[in-house]
Amino acid sequence: MPSPTKKMKKTGAAFLAATMLSAVVALSGCTRLDTTSPADARAGAATDVQARAGTVDCEKVKCIALTFDAGPSENSPRLLDILKEEQVPATFFLLGKRHIEKYPELVRQMADEGHEVASHTWDHKILTELEPEEIREELERPNEEIERLIGRRPTLMRPPQGRTDDTVHKICRELGLAEVLWSVTAKDYKTNDSALIKKRVLEQSSRDGIILLHDIYRGTVPAVPGIIKALKKQGYVFVTVPQLLAPGKAEPGKVYR
């Protein structure tokens, strides 16, 4: 998509509003979301299992996870080419309506090339504003479609705007889904300046980081090669979210960040 649709612009504005709200809540201390860090997930795993993701041991090396929300889109093929060239695995939190249903071949390619395919709901509705049955539908529809395309159901989901609550946790637990938030955001929904996107990611990145980007926006994919090269130069190893937690496993109904 050469430029965001009205729907995308609306969604982008919602992302920004939610990010600002999260900052206010965190500063005020009025609400605390119980989350589990990658390090805690690893520490809680069985002691007789090595903390390995392929040949990577995130207890010993600086691991970081690239994640992309709200695709697939027409920008995804270029992104997949970059990731393949750089030999970097990513985690894709995919939208159903107008995305999975429009680009099924890209969903298959993501899985075939070793990326983690996860859910970002069907229509990007704010889950905390829905009735339980509506939440269930938003989560089940992409699960079913992804399973039809790649032969397995997602085990991870990312709630739109990162907004979740006890009801969402309960339904995720019933559906076998863990919730994954992020520790790095470039706010790429607010700018098409690739250099700025790269700068924001590098400023916030740290060991066990989970980077949030969106390949639906024009400035994001061009920023990815520079992000990867700069973080590799700093000694980071890129892994998927499940690899970041290994040997721990994401538990349904829990929130990871």
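I began from a definition: helices (H or I, at least four residues) and strands (E, at least two) are DSSP runs, numbered from the N terminus. With that in hand, I placed S37 in the loop between α1 (6-28) and α2 (38-43). I noted that the model is a predicted one.

**Entry: S37**

I looked up the exposure of S37 and found it partly exposed, because its relative accessibility is 23%. I then checked its distance to S183: the two C-alpha atoms are 9.8 Å apart in space, while the residues are 146 positions apart in sequence.

**Entry: the chain as a whole**

I recorded ten helices and nine strands for the protein chain. The chain has 257 residues, of which 52% are buried. Its accessible surface is about 12000 Å², and carbon and sulfur atoms account for 49% of that area. Of the contacts with a separation of 6 or more, 76% are between residues 24 or more positions apart.

**Entry: N143**

I located N143 in helix α6 (residues 132-150). Its relative accessible area is 0%, so N143 is buried. Leaving aside residues up to four places away in sequence, I listed S119, R153, P154 and L177 as the residues that N143 touches.

**Entry: backbone geometry**

I kept in mind that most residues other than glycine have a negative phi, and that most peptide bonds are trans. Against that background I noted the following cases.

- The peptide bond between G71 and P72 is cis, with omega about -5 degrees; P72 sits in the loop between β1 (62-69) and α3 (76-86).
- The peptide bond between A246 and P247 is also cis, with omega about 10 degrees; P247 sits in the loop between α10 (241-245) and β9 (255-256).
- Q87, which is not a glycine, has a positive phi near 55 degrees. I found Q87 in the loop between α3 and β2 (91-94), and it counts as exposed because its relative accessible area is 71%.
- R98, likewise not a glycine, has a positive phi of about 70 degrees. I found R98 in helix α4 (residues 96-100), and it is partly exposed at 37% relative accessibility.

**Entry: salt bridges**

Side chains of opposite charge can pair when their charged atoms come close. I recorded 13 salt bridges in the structure and examined several.

I took R42 and E59, whose closest N and O atoms are 2.7 Å apart. R42 belongs to helix α2 and E59 to the loop between α2 and β1, and the pair links distant parts of the chain, 17 residues apart. I noted that R42 is buried at 7% relative accessibility, whereas E59 is partly exposed at 45%.

I next took E129 and R163, with closest N and O atoms 3.3 Å apart. E129 is exposed, with a relative accessible area of 55%, and R163 is partly exposed at 27%.

I then examined R136 and E174, which form a salt bridge at 2.4 Å, N to O. R136 lies in helix α6 and E174 in helix α7, so the pair ties together parts 38 residues apart in sequence. Through shared partners, salt bridges join E133, R136, K170 and E174 into one network.

**Entry: surface charge**

I found a patch of negative charge on the surface, formed by D81, E85, D112 and E113.

Notes: Residues numbered from 1 in each chain as written. Predicted model: local features only at pLDDT ≥ 70, side-chain atom pairs only at ≥ 80, totals over all residues. Heavy atoms only, no water. Patch = residues over 30% accessible without salt bridge, like charges linked within 9 Å, V, L, I, M, F, W, Y side chains within 5 Å. Areas by Shrake-Rupley, 256 points an atom, 1.4 Å probe, with all protein chains shown as cover. Salt bridge = Lys/Arg side-chain N within 4 Å of Asp/Glu carboxyl O. Lys, Arg positive; Asp, Glu negative; His and termini not counted. Charge placed at Lys NZ, Arg CZ, Asp CG, Glu CD. Buried < 20%, exposed > 50% of the residue type's maximum accessible area, 1.4 Å probe, protein only. Contact = heavy atoms within 4.5 Å.
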